[in-house]
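Here's a quick tour of a protein model, taken one topic at a time. Have the sequence and the 3D view open as you read.

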Amino acid sequence: MTVSPPPGEAFLSYAEKLFSISLTDIKGVIKDFHAEMEKGLLGHESSLKMLPSYVDRPTGSEKGRFIALDLGGSNFRVLAVELDGKGEIDILAVSKFAIQKKVMQGTGVQLFDFIAGCIDLFLARNNMDRKRAYDLAFTFSFPVEQTDIAAGELIVWTKGFTSTGVEGKDIVTLLNQALRRKRIRDITVTALANDTVGTLMARAYKDPTCDLGVILGTGTNACYREKRSNIRKLKGVHPEGHMIVNMEWGNFDKVRRTSYDTRLDEASVNPGAMYFEKMVSGMYLGEITRHVLVDAIARGLIFSNAPGAVESFGERDSLKTEHMSLIERDGTTDLREVEGFFNTRGISNATLDDRAFLKHVCQLVAARSARLSAAAVSAVIAWMDPEPREVHTVAIDGSLFEKYPGFETRMTDVLKELYGETAEKIRLVHSKDGSGKGAAVMAAVAASAVKEEPMPNS
């Protein structure tokens, strides 16, 4: 006589199949990635924008003192960064400023005057020499169509910003105008940076094998080093050499989604977009897990003796990725940490099976994220170097990679499945604060390029 598994176990087996990413699936992702990359580089419609950054990775010999700005949310940073010309980056000073809602949602002039004022205060606060000139890089983490290393138009505001008169305008021009209104004449904006590109640049300054930068945090994105001759949509740019390309891979849409992904997408602020990011990044993993729990509760499979769970997990975004991280870290036999988490949520009488169920679902959702992330990294590596024959260092920033238990190991496992011993040539390294350090490196590269430009014929 065959004994049927408990209903909860049957559901988990079903969920395992839904969220599993097999080696065959990964090879399919790589193939689809390459097709989208090719279309994006040609300038055809693609879920990968493949945006040129107009900068190549540094040589490591760039040196000098630079100013870096970092605007990506309600907090704005100004940094003084020094490069020693030998691969070392030193943050000399940093100031953080909170941007009030009235500034975020006022006029563009108000916003950029605020930024210029923060720069002026930073220079004064740190006794910066006002008689010398500084090159400045601006990390502006919003959708921008760049036309040069120090020129780019805002496509659309995100993250709660609605400042008028900025969309469709050149960000560097607006900042320069604000600096002049503030009578700051000793600063030249030499680079407009994306945080992903900054992550690559910061690591590449001391590691010449670094050719891929990745963000795995609240959101996700990647950039890599491409042959200029392959960026066919570029017009009027010398085809020799290389350029960093910002992929905007969060919008990659050739991925197999579950009904839980569909529910999350339909309830999001941008339905029908950013499918890959919604399956991978820290902003969404908790919500995917919550949808699975809500389904299991509705089927009467878990929390039958803990009525508080229905109310606790019924609200959108009530389960976050940091909660998943806490739950996955619990190595106690009776899952005491998970029980403590339930207690803080007003859930009493949760059984050990309930706790184990939640941990298992967290593992499934996080494992899919890590395996998809590794598949995307592998796709880019294979595009650059199919074997691979060279060593490739992947600079990764973001709390998901840095802090989520087992995330890096799960990614490394995929590389081993794909490449065997050759996987040792692909190194995943944590590269922190690319938006600050990397921006300064971009400013240095841009400044060096200006100095090396030949004088026009008289």
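This is a predicted model: local features need pLDDT of at least 70, side-chain atom pairs count only at pLDDT 80 or more; totals for chains, interfaces and linings use all residues.

A disulfide is a covalent bond between the sulfur atoms of two cysteines. To be counted here, two cysteine sulfur atoms have to be within 2.5 Å. Take C223: the nearest cysteine sulfur belongs to C210 and is 8.1 Å away, and C223 is in no disulfide.

**Cysteines**
- Is C223 buried or exposed? C223 counts as buried, because its relative accessibility is 0%.
- C362 is buried too, with a relative accessible area of 0%.

**The sheet**
- Look for an open sheet made of six strands, with mixed pairing.
- Going across, the strands run in the order β1-β11-β10-β9-β12-β13.
- Strand β12 (residues 392-397) pairs with β9 in the parallel sense, over five bridges.
- Within that pairing, G213 has A395 in β12 as its bridge partner.

**D207, in a loop**
- Where does D207 sit? You'll find D207 in the loop between α6 (195-204) and β9 (210-216).
- D207 counts as buried because its relative accessibility is 6%, and the cut-off for buried is under 20%.
- Leaving out residues up to four places away in sequence, D207 touches T393 and R427.
- With T393 there's also a polar contact, side chain to side chain, at 3.1 Å.

**E36, in a helix**
- E36 belongs to helix α2, which spans residues 23-42.
- Its relative accessible area is 3%, so E36 is buried.
- Which residues does E36 touch, not counting those up to four places away in sequence? The list is S46, S47, L48, F252, D253 and K254.
- Now compare sequence and space for E36 and K49: they are 13 residues apart in sequence, and their C-alpha atoms are 8.8 Å apart.

Note on methods
Residues are numbered from 1 along each chain as its sequence is written. Side-chain values use heavy atoms; hydrogens and water are left out. Buried means under 20% relative accessible area, exposed over 50%, partly exposed in between (1.4 Å probe, protein chains only). Helices (H or I, at least four residues) and strands (E, at least two) are DSSP runs, numbered from the N terminus. A polar contact is a pair of N or O atoms within 3.5 Å; within protein, one must be able to donate a hydrogen and the other to accept it, and residues adjacent in sequence count only if both atoms are side-chain atoms. Contact means heavy atoms within 4.5 Å. Two strands pair if DSSP finds at least two bridges between them.
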